[in-house]
Amino acid sequence: MNSAFSFWTITLAIAVGAVSPGPSFIMVAKTAMAVGRRQALLTAVGMGLAGALYAALAVFGLAALLLAAGPVFIALRVLGASYLAYIGVTMIMGAKRPLPIADTQASPTSGLFGGFKTQASNPKTVVVYASVFASLLPHSPEPWLFAALPATIGMVEGGWYVLVAILFSTARASATYAKAKPLIDRIAGALMIALAIKLALG
């Protein structure tokens, strides 16, 4: 398989997966509406960094090896699902709390780490990356792919969530969230818990 063809097909496949709603989308959208654009953008960058990491692991074959090691992957899936469930429960329990004031002095690492954790804790990401790379990566990839794929996929993932952050941090979106915070938080939390259960059960 041609390396350039593999590069573009893998990038397209990951991009399609990125835009499908999931835990990362919920986290970025809620952060944008509740805390503000700055932290949401930092969260989006964290998502992109996690995507780049998974792409690097996949292109070097480590993700495929992880999938082959049943007990290790099961443990990862349970830990990831537990973290997503924790986020969901936290959202529901805090649904009635007042809307926090945007903290312009918040540490950049808090947003980056939060986004990175959310994306990295999703076992579905491992499955998608491993299956896409296993089916589309050439058996003898050209050296440039080892650098180009992680960098490009990190920008694709991060770029999509930057767009989500910008769209959901508008004044209208924030005002809507402020009015309907209890309902929105409960729905978002329930979706997180549902995703966690689905991931835990495979």
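Colleague: What makes the 17 residues a nonpolar core?

Modeller: A nonpolar core is a set of buried Ala, Val, Leu, Ile, Met, Phe, Trp, Tyr and Cys residues joined through side-chain atoms within 4.5 Å. Buried means under 20% relative accessible area, exposed over 50%, partly exposed in between, with a 1.4 Å probe and protein chains only. The 17 residues of the largest core pass, and Ile-10, Ile-14, Tyr-129, Phe-133, Leu-137, Leu-149 and Ile-153 touch the most other members. This is a predicted model, where local features need pLDDT of at least 70 and side-chain atom pairs count only at 80 or more, while totals for chains, interfaces and linings use all residues. Residues are numbered from 1 along each chain as its sequence is written, and side-chain values use heavy atoms, with hydrogens and water left out.

Colleague: Which elements give two or more residues to this core?

Modeller: Helices H1 (3–19), H3 (37–59), H7 (123–136) and H8 (143–168) do; H7 gives the most, with 5 residues. Helices here are DSSP runs (H or I, at least four residues; strands are E, at least two), numbered from the N terminus.

Colleague: And what does Ile-14 touch?

Modeller: Leaving out residues up to four places away in sequence, Ile-14 touches Val-128, Tyr-129, Val-132, Ile-153 and Glu-157. Contact means heavy atoms within 4.5 Å.

Colleague: Which residues are in the second core?

Modeller: That separate core has 15 residues, including Val-28, Ala-44, Met-47 and Met-91.

Colleague: Why is H2 called mostly covered?

Modeller: Because 11 of its 12 residues are buried, that is, they fall under the 20% cut-off. Among them are Ile-26, Met-27, Lys-30 and Thr-31.

Colleague: How do you know that the span of H2 is close to the expected one?

Modeller: The expected span is 1.5 Å times one less than the number of residues. For H2 (residues 23–34) that gives 16 Å, and the helix reaches 16 Å from its first C-alpha to its last. Just after H2, Gly-36 takes a positive phi of about 130°.

Colleague: How do H2 and H8 cross?

Modeller: Their axes come within 8 Å and cross at roughly 35°. Axes are lines fitted to C-alpha atoms, for helices over the stretch in contact, with angles from 0 to 180 degrees between N-to-C directions. The contact includes Phe-25 and Val-28 of H2 and Trp-160 and Tyr-161 of H8.

Colleague: What is the secondary structure of the whole chain?

Modeller: It comes to 9 helices and 0 strands. Of the 202 residues, 43% count as buried.
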